[in-house]
Amino acid sequence: MPQQACKSFNQRRIAIFDPDPTLATNPSLVCLLEALTHSGARVDALMPASGRFPSMDSMVTRYPFPRRFSLWYGGIRTTLRSWWECVQWTQVDRMFSAEIHDLILGVDSLGIIRGYEYARRLHIPLVYLSFEIFFRDELSSRAEIKEKQHECTASQFADLVIIQDRWRAQLLAAENGLSLEQFEYLPVSPGGAQRVQKSDYLRRRFDLSERQTIVLHSGSFAEWTYAYELLENVTTWPKDFILVVHTRYKPSWTNRCVQAIQQAKLPNVVLSTDPLPMDEYEQLVASADIGLVLYKPVPPSRYEQKNIQTIGLSSGKFSSYMKYGLPVISIGQRSYAQLLADYAFGENIDSFREMSAALNRVRSNYAHYRAEAQRLFSEKLDFDIHWPRLAARLLEVMK
């Protein structure tokens with residue numbers, strides 16, 4: 001990062017409004033906050049607390065997210081926690097409003113909506129960090145439609161919109177009535193400065209043989225990541241391939257997909273459910289051989305339809321796999337099909353019927369796939385190559 005940018009962030013105070021407790025599992029957000037704090041900025045994170053995800057308290061000062069009060073938030077524990085945070089926020093609001101911030105970052109729909117309310121009232125520059133795109137024709141409730149209207153207003157007010165790539169920028173611009181000149185691009189990706197070597201993390205932890213090829217499925221394990229199809233298909237794999245399913249958070253007892261793994265007791269499937277900080281997660285990735293990046297549109301959820309059909313460079317696990325040279329197998333991803341024209345980082349197959357053959361093809365030419373994956377990371381994904389330009393844009397916004 002340019003020395004000028006480092007000095008210019010000194011004493012700057014930045015607030016990030018994130019409605020989800022998952023910040024520590026988003027590599028580009030972690031890298032962004034690290035870059036800002038290392039450059040002298042102080043970051044206040046307005047986000048929910050959760051014991052299911054790694055903490056960010058060593059890097060940011062956390063405040064409760066400013067929720068709108070509701071009688072029900074989808075579950076007893078979630079509702080009770082949200083009620084308590086609403087009470088906490090009434091106590092924090094006056095103090096927070098009196099503090100002088102140089103910039104507000106709003107994450108996704110609710111983050112930009114709440115950030116906009118403070119940015120407009122306190123005359124603070126506003127930046128929209130978009131990771132999920134919601135489409136009007138996929139919204140099913142009045143509350144979602146109303147939220148979308150507020151999101152459009154807030155995003156149009158934003159001084160800058162950060163999104164992963166031009167594919168997703170075009171979708172959001174058309175949906176929210178934005179100009180492409182508002183956008184800056186930042187893939188969901190870790191930085192490349194620190195890179196662990198090929199590790200034995202998974203082999204040591206689960207007593208796996210060197211002769212076994214480890215295929216990793218990390219992140220959410222759900223219907224929209226082909227959970228059931230994968231469990232059915234893994235029984236047809238060659239015997240020396242083993243599937244490791246690592247969830248990014250400790251699943252609840254009602255998670256039917258995880259229950260399906262536990263009940264199936266397949267000899268070539270390993271389940272890992274302990275949430276890991278980013279450095280340990282990267283050791284886990286570096287110990288696998290092949291990565292699966294599987295996204296399946298599942299209506300009626302607004303998260304799991306067109307939002308994942310054009311995944312682009314918004315998959316953190318894809319970028320982590322590329323960083324550590326894990327060839328990737330995906331199914332029907334148009335974004336990856338286009339990337340494969342320039343980088344032979346893996347296989348984009350049409351259906352699970354082709355999975356076993358794809359696994360064998362990757363292993364038979366592994367060194368080439370691995371080198372191409374790392375080339376894609378170093379040329380297009382690495383946070384470090386995007387930060388100087390992004391830092392300049394953020395400083396321009398704060399003038």
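Colleague: Which residues make the nonpolar surface patch of about 590 Å²?

Modeller: That patch is made by Leu-71, Trp-72, Ile-76, Leu-80 and Trp-83. Please bear in mind that this is a predicted model.

Colleague: Where is Ile-76 found, and is Ile-76 buried or exposed?

Modeller: Ile-76 is found in helix H3, which covers residues 76-98. A residue counts as exposed when its relative accessible area is over 50%. Ile-76 has a relative accessible area of 61% and is therefore exposed.

Colleague: How many residues of E8 are buried, and which lie on each side?

Modeller: E8 is mostly covered, with 6 of its 6 residues buried. On one side are Thr-213, Val-215 and His-217, and on the other are Ile-214, Leu-216 and Ser-218.

Colleague: How many bridges join E8 to E9, and how many join E8 to E11?

Modeller: E8 and E9 run parallel and are joined by 6 bridges. Within this pair, Ile-214 stands opposite Ile-242 in E9. The chain crosses from E8 to E9 through helix H8 (residues 227-233), and this β-α-β crossover is right-handed. E8 is also joined by 2 bridges to strand E11 (residues 290-293), and these two strands run parallel. Here Leu-216 stands opposite Gly-291 in E11.

Colleague: Where does Ile-162 lie, and is Ile-162 buried or exposed?

Modeller: Ile-162 lies in strand E6, residues 160-163. Buried means under 20% relative accessible area. Ile-162 counts as buried because its relative accessibility is 4%.

Colleague: Which residues is Ile-162 in contact with, leaving aside its neighbours within four places in sequence?

Modeller: With those neighbours set aside, Ile-162 is in contact with Val-127, Tyr-128, Leu-129, Ser-130, Glu-184, Leu-186 and Leu-390. As for Tyr-185, it is 23 residues from Ile-162 along the chain, and the C-alpha atoms of the two are separated by 5.7 Å.

Methods
Residues numbered from 1 in each chain as written. Predicted model: local features only at pLDDT ≥ 70, side-chain atom pairs only at ≥ 80, totals over all residues. Heavy atoms only, no water. Patch = residues over 30% accessible without salt bridge, like charges linked within 9 Å, V, L, I, M, F, W, Y side chains within 5 Å. Areas by Shrake-Rupley, 256 points an atom, 1.4 Å probe, with all protein chains shown as cover. Salt bridge = Lys/Arg side-chain N within 4 Å of Asp/Glu carboxyl O. Helix = DSSP H or I, 4+ residues; strand = E, 2+ residues; numbered from the N terminus. Buried < 20%, exposed > 50% of the residue type's maximum accessible area, 1.4 Å probe, protein only. Pairing = 2+ DSSP bridges. Right-handed = clockwise from strand over helix to strand, strands pointing away. Contact = heavy atoms within 4.5 Å.
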